[in-house]
Amino acid sequence: MNLDYSAVKYKTAEEEKARLEKAVEEYGAKMRETAKKLKKSMGEKEAEILEGHIAMLSDSLMLARINENVESGCVAEAAVDTVCTELYDLFFGLDDETMRCRASDFKDIKDNLLAVLLGVEKADIAFVPKGSVLIAKEFTPSIISRINKDNVSAIVAEAGERTSHSAILARAAGIPAVFSATCATQLIKNGDLLLVDGFRGRVLTNPRKTEIAEYSKKQRAYTDEKEELKAFIKKPAVTKSGVKKEVFGNIGNAADVKSVIQSGGEGIGLFRTEFLFTGRISEPGEEEQFEAYSTVAKSMDGKEVIIRTFDIGGDKRIDYLKTEKEDNPLLGMRAIRYCLKNTGFFKTQLRALLRAAYFGNIKIMLPLISSLDEIRNTKALINECSAELDSEGVPYRMAPLGIMIETPSAALISDLLAREVDFFSIGTNDLTGYTMAVDRGNAAVSSLYDTLNPAVLRAVEMTIKNAKSAGITVGMCGEAAADERLIPRLVEWGLDVFSVAPSSILKTKRSICKCE
Ligand code: PEP
Ligand code: MG
């Protein structure tokens, strides 16, 4: 959305004020209408956010400040920009958590009001018509979580890569997606007929009849294959020589459990808890987290549920958390590093996890480990939490502790790390990026991002070998666990658990069954 107002010319203060008044009215009406629809489709909580925006705008003090700027010679757009930015900075700098969370509201109000003033059409992705394909420069994880799956047939983005978090979320939601589609927003026009091939990363605009026929055939083959794969829902993944492997599902929220169970997943190998933070304006507290974790554990009915502690930072920046802007976020305050720096925040999650473990087969997993100390410091915090829960008389269970092997340093010292934990899970998405020194979301260097590169494969093999020598379980929860080209090697090396997107569970089981 282009919100550049540099070409807008100032006429008179009266005219600018009249434009502003009209825009505020129009925006208020739009928000009230959207809030009404949201209440029906998503619930009270989401609608309350928009109602809050209307209330903020009706605040005469805010409008008075915008008008003051207009009187001193600013066009309405500049006045809105200045005041909303000032308020954003003011709220973002506050220590009070609740007030700080309001900062992003001012950014939303600013963008929406500017869109109305400039006459820029702002599509609301929650209400697009059935059969729509969404095209954007970028889909952030929070935008993906707002997409109405029933109406959106596919998404196409100029930025991102197949293992970026937005792509992972789209896959988990079962939305066909193509990323790194250069210039898509310029080349594709509203109303174009599109063929989106998520398997091959192709987008055909206004396809010929022959292409439509070819893709209809492919679609039928895909539907037939899905039917065939149903045979594996109840079948265990056993190799021809009789070795049983576990096939688990990766999830981003409690609702995803349903698709894991429906696809015959035998456990949850990765619950990406950081997605509890997206699409909202404040962080989830202990009770809310406890609810989410225990709900998943109970739904899995005694089956293993591996919950990963927050992997915040990197390409998963949360606006309302007061994080420093970093030049190299993927090498900075991400995941376990952020948590160990913000121990109060981390302990809230650890307490919720220990409490939820009382109600199911939960295991705790730490992301982005690169040193022994990170594990030892986390254990100390877990012990503090258990002592607190003991003294409060709150029921809990000490859950087994595992780590992700997703940095080259962790793979290289996996023999030492294996002595400290109960299990490993190899995160090939990051391991590939860090081993090859490639940003996994950067399309410009994507040719180097190759999980099958011998450097990455050596790290994987070494990790499995070291886990086996130490007698601990080793799984893989990166996208490569579902790669049919790699599965025979992983089986040969002795990988125990394959944790994949729910949509890949059945195919992974079939591939394992074909192995020697
Ligand atoms: C990985 O890095 O392989 C992984 C599973 O974690 P994420 O994709 O969430 O970074
Ligand atoms: Mg990772």
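Q: Two strands pair if DSSP finds at least two bridges between them; in this predicted model, which residue of β5 is the bridge partner of L194?
A: Strand β4 covers residues 194–197 and strand β5 covers residues 202–205, and the two pair in the antiparallel sense. In β5, the bridge partner of L194 is T205.

Q: Which residue of β3 stands opposite V156?
A: V156 belongs to β2, where it is the bridge partner of I135. Towards β3, the bridge partner of I155 is A177, and the residue opposite V156 is V178.

Q: How many of the six residues of strand β2 are buried?
A: Strand β2 comprises residues 152–157 and is largely enclosed by the rest of the structure.

Q: Is E158 buried or exposed?
A: E158 is found in the loop between β2 and α8. Its contacts, not counting residues up to four places away in sequence, are A136, K137, S180, A181, C183, A184, T185 and Q186. The relative accessibility of E158 is 18%; a residue under 20% counts as buried, so E158 is buried.

Q: What is the phi of C183?
A: C183 lies in the loop between β3 and α9 (184–187). At 33% relative accessibility, C183 counts as partly exposed. Although C183 is not a glycine, its phi is positive, at about 60 degrees.

Q: Is A437 buried or exposed?
A: A437 lies in the loop between α18 and α19 (454–470). Phi of A437 is positive, near 55 degrees, in a residue other than glycine. The relative accessible area of A437 is 69%; the cut-off is over 50%, so A437 is exposed.

Q: What distance separates the C-alpha atoms of A78 and S6?
A: A78 is in helix α4 (residues 76–92) and is buried, with a relative accessible area of 14%. A78 and S6 are 72 residues apart along the chain, yet their C-alpha atoms are separated by 8.8 Å.

Q: With which side chain does the side chain of R334 make a polar contact?
A: R334 is in the loop between β9 (305–308) and α13 (336–341). R334 is buried, with a relative accessible area of 0%. Among the residues that R334 touches are H165, D311, Y434, R440 and D430. The polar contact of its side chain, at 2.8 Å, is with the side chain of D430.

Q: What percentage of the area that ligand 1 exposes when taken alone does the protein bury?
A: A polar side-chain atom of R308 lies 2.8 Å from an oxygen atom of ligand 1, and an N or O atom in the side chain of E406 is 2.9 Å from an oxygen atom of ligand 1. N429 places a backbone N or O atom 2.8 Å from an oxygen atom of ligand 1. Taken alone, ligand 1 exposes 290 Å², and the share buried by the protein is 100%.

Q: Which element gives the largest share of the shell around ligand 1?
A: The elements that give two or more residues to the shell are α8 (165–172), β8 (268–272) and α18 (428–436). The largest share is three residues, and these come from α18.

Q: How many residues of the shell around ligand 1 are charged?
A: Ligand 1 is surrounded by 17 residues, and the closest are R272, R308, G427, N429 and R440. Four residues of the shell are nonpolar and five are polar, while the number of charged residues is eight.

Conventions. Residues numbered from 1 in each chain as written. Chains lettered and ligands numbered in written order. Predicted model: local features only at pLDDT ≥ 70, side-chain atom pairs only at ≥ 80, totals over all residues. Heavy atoms only, no water. Near = heavy atom within 4 Å. Polar contact = N/O pair within 3.5 Å; in protein donor to acceptor, adjacent residues only side chain to side chain. Areas by Shrake-Rupley, 256 points an atom, 1.4 Å probe, with all protein chains shown as cover. Helix = DSSP H or I, 4+ residues; strand = E, 2+ residues; numbered from the N terminus. Nonpolar A, V, L, I, M, F, W, Y, C, P; charged D, E, K, R; others polar. Buried < 20%, exposed > 50% of the residue type's maximum accessible area, 1.4 Å probe, protein only. Contact = heavy atoms within 4.5 Å. Pairing = 2+ DSSP bridges.
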